[in-house]
Amino acid sequence: MSDTSAAKTAAPTSLPDAKGRFGQFGGVYVPETLMTALAELGQAYEAAQKDPTFVEELRRELKEFAGRPTGLYHAARLTEHCGGAKIYLKREDLLHTGAHKINNAIGQAILARRMGKQRIIAETGAGQHGVATAAVCAKFGLKCVIYMGAVDMERQALNVFRMRLMGAEVRGVEAGQKTLKEAVNEAMRDWVTNVRDTHYILGSALGAHPYPMMVRDFHRVIGKEIREQIMTAEGRLPDEIIACVGGGSNAIGAFFEFLDEPSVRLIGVEAGGHGIKRGEHAARFEGGKLGVLQGSKTYILQDPDGQIELTHSVSAGLDYAAIGPEHAYYRDIGRVGYAYACDDEVLEAFQLLSRTEGIIPALESSHALVHGIKRAKEMRKDEILVINLSGRGDKDVQQVARMLGQRTS
Ligand SMILES: *Cc1c(COP(=O)(O)O)cnc(C)c1O
């Protein structure tokens, strides 16, 4: 985070409020035993933000360890293919461990050390956040325990091995659907028990305050760089920025810098899975209702009795029943638009970017590409579109090969 942009972004929005709410969304809905821990975390974070030593250490590690700044790449052949707006890709896929997640993992690990916490826990779904957390724990010499649903461990065996290589203990969770939601529950249970020496590195702009705010802030560097880089390349702001939305961290990181720029349209893309039918998708704004899940009030896919609905997406990283509360707020006030992309279109975009640009995108990021390609075709040639490429597709190639009926070994 550069000093020049710090002053510039102090103003855009004052949210969340003191209770961690974005309008009616967000807040702190946790057991009593965690209230103190969350309040302490909020205070430590606030102090750290104002401490130049923290700011400088974070800046240095993002540069030296994670590989920031990432490029803003003019996708000339994809632009030509679409025949409309000039397309730029923000290259978060080039970061260490393969996705934007490392921005937040580094930030929270530095914060944990400041707080004197020697043990880190985290949840992971596909394993990307687990891998990023394992990497920063190895780097800083912190003990690391990752909770992961047993089903996800089987689906993402390679990421489990990566985490273990870097010294993390991966604990399988056998409850419920044995996926991300249950892993979060286990991590919260661990935190309640071990809160004195343990920090919980939550992986998206989700959960109880201060997490949605803190995770957002650690990813704001994405939007700050986009601003600087597009000003250098084009001398003006983009007309539209598109990002995929699981919990919402890469999207809010890319958008935040532009919330107060009415000329910049902002679009989040959710997982449409097999299409918008109950249990077949993870598009919370397509049929989700207001509720509370894992600490936060937001839009949630639930049945009429309030039971959490099954979700589906080709990309594990977008496969979650709740959306980050800040997105719920910007959607309600109409500042950010939301769309969805379905599995088959995602598979097409995954292959199209590989062929036209020599970049294999993550399946999550391919959701942003699907909508970006649609929009580019509708936009004029003198308009500028930025697509946030949240991660690389190395983790997905075997799955895609299987879906295309091809062998990899
Ligand atoms: C985890 C992940 C996502 C979804 O998480 P957000 O918090 O919504 O950003 C998107 N893209 C990639 C590559 C991921 O690993």
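Begin by selecting glutamate 80, which is found in helix 4, spanning residues 76–82. The coordinates on display are those of a predicted model. The C-alpha atoms of glutamate 80 and aspartate 396 lie 26 Å apart in space, and the two residues are 316 residues apart in sequence.

Proceed to helix 9, residues 180–194. A distance drawn between its end C-alpha atoms reads 21 Å. This agrees with expectation, because 15 residues at 1.5 Å a residue should span 21 Å. Now colour the buried residues of helix 9: Leu180, Glu182, Ala183, Val184, Ala187, Met188, Asp190 and Trp191. When viewing such a pattern, recall that an α-helix has 3.6 residues a turn, so residues three or four places apart point the same way.

Finally, select the ligand, which sits in the largest cavity. Display the 18 residues around the ligand; those that come nearest are Lys101, Ser204, Gly246, Ser249 and Ser390. At serine 249, a side-chain N or O atom is 2.6 Å from a ligand oxygen atom. Glycine 248 contributes through its backbone, where an N or O atom lies 2.8 Å from an oxygen atom of the ligand. On its own the ligand has 380 Å² of accessible area, of which the protein covers 96%.

Conventions:
Residues are numbered from 1 along each chain as its sequence is written. This is a predicted model: local features need pLDDT of at least 70, side-chain atom pairs count only at pLDDT 80 or more; totals for chains, interfaces and linings use all residues. Side-chain values use heavy atoms; hydrogens and water are left out. Helices (H or I, at least four residues) and strands (E, at least two) are DSSP runs, numbered from the N terminus. The expected span of a helix is 1.5 Å times one less than its number of residues. Buried means under 20% relative accessible area, exposed over 50%, partly exposed in between (1.4 Å probe, protein chains only). A residue is near a molecule or strand if one of its heavy atoms lies within 4 Å of it. A polar contact is a pair of N or O atoms within 3.5 Å; within protein, one must be able to donate a hydrogen and the other to accept it, and residues adjacent in sequence count only if both atoms are side-chain atoms. Accessible areas come from the Shrake-Rupley method with a 1.4 Å probe; for residues, only the protein chains shown count as cover. On a 1 Å grid over the protein atoms alone, a cavity is a set of points where a 1.4 Å probe fits but cannot get out, and a pocket is an open set with protein on both sides within 12 Å along at least five of seven lines; lining residues have an atom within 4 Å of a point. A molecule sits in a cavity or pocket if more than half of its atoms lie within 2 Å of its grid points.
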